[in-house]
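Open the model in your viewer and keep the sequence beside it. This tour tells you what to select at each stop.

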Amino acid sequence: MKQKIVIKVQMSCDKCRSKALALVAAKSGVDSVAIAGADRDQVVVVGDGVDSIELTSALRKKVGPAHLVQVGEDKKEDKKPPPAAAPAVQWCYAPPPQPASWVYDPYGYGCQTREDSSSCSIM
């Protein structure tokens, strides 16, 4: 079951925010990380099997003062209906037509097909 963890961290600059995001994203079990809050001071973590106490203490050590605000079940479960089966398309493959065989007559008596080659056009 995925859980959603919200941690309030004192972050004053963009460098601190990117450091906090990288720190949290490197932990095992984390699916997504986001910055939230009016002052952009909350880190929202969604994952499976994530230890919230470990995340909070790591943020305290590396970034600054951190307080655990909320731990709960992630309510954004993707409940998409299974895709409808597409109608089966029957493909019928026919061999390509055979090209006509032409024999060129260099003496100007005309062209003839090989099927007609049994009759001689010179005589």
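Among contacts between residues at least 6 apart in sequence, what share joins residues at least 24 apart? In this protein, 60% do. Keep in mind that the model is predicted.

**Whole chain.** Select everything and show the cartoon. You will find two helices and six strands. Trace them along the sequence and you get β-α-β-β-α-β-β-β. The accessible area is about 9,700 Å², and carbon and sulfur atoms account for 55% of that. Of the 123 residues, 22% are buried.

**Helix 2.** Next, select residues 52–62, which form helix 2. Colour S52, L55, T56, A58 and L59: these residues are buried. They lie on the same side of helix 2, because they cover an arc of only 165° around the axis. Turn to the other side of helix 2 and pick I53 and K61, which are exposed.

**D74.** Move on to the loop between strand 4 (66–73) and strand 5 (102–103), where D74 is found. Is D74 buried or exposed? D74 is buried, yet it has no salt bridge. Select K4 too: it is the nearest side chain of opposite charge, 5.7 Å away. A salt bridge needs the charged atoms within 4 Å. Finally, show what touches D74. Leaving aside neighbours within four places in sequence, D74 is in contact with K2, Q3, K4 and V46.

Terms used. Residues numbered from 1 in each chain as written. Predicted model: local features only at pLDDT ≥ 70, side-chain atom pairs only at ≥ 80, totals over all residues. Heavy atoms only, no water. Helix = DSSP H or I, 4+ residues; strand = E, 2+ residues; numbered from the N terminus. Buried < 20%, exposed > 50% of the residue type's maximum accessible area, 1.4 Å probe, protein only. Contact = heavy atoms within 4.5 Å. Areas by Shrake-Rupley, 256 points an atom, 1.4 Å probe, with all protein chains shown as cover. Lys, Arg positive; Asp, Glu negative; His and termini not counted. Arc of directions from axis to C-beta.
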